[in-house]
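Hi everyone, thanks for making time.

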Amino acid sequence: MKMLIASCAVALLALPSPSASFSIPSRHVGKKSDRSPTSSSIWPDGLHSSSSNVPSLVSSSRSSTSLNLGPSGIMTRPVALAVGGTISALVAGKAILDRPSRPYNPESVATEYDAWTEDGILEYYWGEHIHLGYYNDAEMEAGYKKKNFIQAKYDFIDEMMSFGSIPSEQVGGLSVLDVGCGVGGTSRYIARAIGKDSKVTGITLSPNQVKRAQELAVEQETPNAHFQVMDALKMDFPDNSFDVVWACESGEHMPDKEKYISEMMRVLKPGGKFVMATWCQRDDRQVPFSKKDEKDLKFLYEEWTHPYFISIEKYAELIEGTGKMENVGTADWVRETIASWRHSIWVGVYDPRGFIFKPRQYLKCVRDGYCLERMHRAFDRGLMQYGMFHATKKLE
Ligand SMILES: C[S@@+](CC[C@H](N)C(=O)[O-])C[C@H]1O[C@@H](n2cnc3c(N)ncnc32)[C@H](O)[C@@H]1O
């Protein structure tokens, strides 16, 4: 496709010169002799004059030559310029979009989530949740756009709770850790579900997310949800602190996946439940990645500040490898979540108010839309998988 667009652009650039292409009405020639028919500077006059002055669309007795292009036969210079300009702009735009803009570095996760939280666009569209939604077979058959975009995110949490055998009603006395909590939508949802006697602690690298999560906890009268800035790779919590460790779409950002897993297993109490959702790349040990796979993955890593992804199989090995876990289960929820990518684009197109009046953020949203589509394609063709994991910590 890129080659095709590039060749079209080159072809248009190689069009015959204006002097050979258009008939020039005689009254535009003459006095303004510097604007001779052979000069490309005649073009603005033709453009702004009455139709009789516009260079002829077809060969006529007054025209010397016409520009023949395509099956319809003729393309005027303005059309050619417009087409050429549009194609060149598309080629240039795509080249800009294809260059990832937010590669991972040790500060980038905090900085980017701070910025996302501050500009409010993500919250405008995604609500309190920075994770994919869940669409069942009937909803997919009916058409994903019919489903409420935010409801899909709540459904995802419900399904993840059930996948991880996490209590979904008031049980009392539970302590839950939400690793990489975003603005805490899930932490507060679980905190309300399990009741005021229980406590949910959300951690994130982004101070702005903690601030927003705390504001929303007050607004939503959810005092048993607490938030703090803490690195999941070196948590301050003592061993065996939590009954449940929950991690939803934070693994993607971890520069050390083994440490990420081992830290979460360390702070889980014996008998405690672990549940995790994270984007994975396919296991390349049997079928190595092609050049295109590698190129696509590089873009997906570097556009949204991910150091790298690993496979579902590799995560399962890391969990088993701690020696602390039993009943390890995995699944690929690509079918249940894939609609989220295009649904995200759709909500922005359907209601552009979230970014349209914010010119500085506009470009960022265009980039995000492009990345959402590339994510969709990578999941759709099996390069990416939606990893789900559950496990129980062995009793000592
Ligand atoms: C895609 S968001 C998911 C947010 C949340 N789990 C949700 O479902 O709405 C990723 C989150 O992981 C957090 N994160 C990434 N790396 C982290 C780390 N090393 N320690 C703590 N949080 C981290 C980010 O700050 C962000 O809050």
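Before that, two bits of housekeeping. This is a predicted model, so to speak of local features we need pLDDT of at least 70, and side-chain atom pairs count only at pLDDT 80 or more, while totals for chains, interfaces and linings use all residues. Residues are numbered from 1 along each chain as its sequence is written.

Okay, the overall picture. The protein chain has 16 helices and seven strands; these are DSSP runs, with helices being H or I of at least four residues and strands E of at least two, numbered from the N terminus. Of its 396 residues, 35% are buried. Buried here means 20 or more other C-beta atoms within 10 Å of a residue's own, exposed means 12 or fewer, and partly exposed is in between, with C-beta atoms placed from the backbone. Now take contacts between residues at least 6 apart in sequence: 76% of them join residues at least 24 apart. A contact means C-beta atoms, placed from the backbone, within 7 Å.

Next, a helix pair. Helix α11 (residues 291-303) packs against helix α16 (residues 359-380) at an angle of about 135°, and their axes are 11 Å apart. The axes are lines fitted to C-alpha atoms over the stretch in contact, and angles run from 0 to 180 degrees between N-to-C directions. That angle makes α11 oblique to α16: under 35 degrees would be roughly parallel, over 145 roughly antiparallel, 65 to 115 roughly perpendicular, and the rest is oblique. Who makes the contact? From α11 we have Asp-296, Phe-299, Leu-300 and Glu-303, and from α16 Cys-371, Arg-374, Met-375 and Ala-378. Those residues divide into five nonpolar, no polar and three charged.

Now some single residues. Ile-121 lies in helix α5 (residues 121-126). Is Ile-121 buried or exposed? It's buried, because 20 other C-beta atoms lie within 10 Å. Leaving out residues up to four places away in sequence, Ile-121 touches Gly-354, Phe-355, Gln-361 and Cys-365. Its C-alpha is also 9.9 Å from that of Gly-348, 227 residues apart along the chain.

Asp-284 is in the loop between β5 (268-281) and α11. It has 15 C-beta neighbours inside 10 Å, so it counts as partly exposed.

Last, two non-glycine residues with positive phi. Ser-165, with phi near 55°, sits in the loop between α7 (149-163) and β1 (175-179). Glu-221, with phi near 45°, lies in the loop between α9 (207-219) and β3 (225-229). Ser-165 is partly exposed, with 14 other C-beta atoms within 10 Å, while Glu-221 has 8 such neighbours and counts as exposed.

That's my tour, thanks!

Key: Contact = placed C-beta atoms within 7 Å. Nonpolar A, V, L, I, M, F, W, Y, C, P; charged D, E, K, R; others polar.
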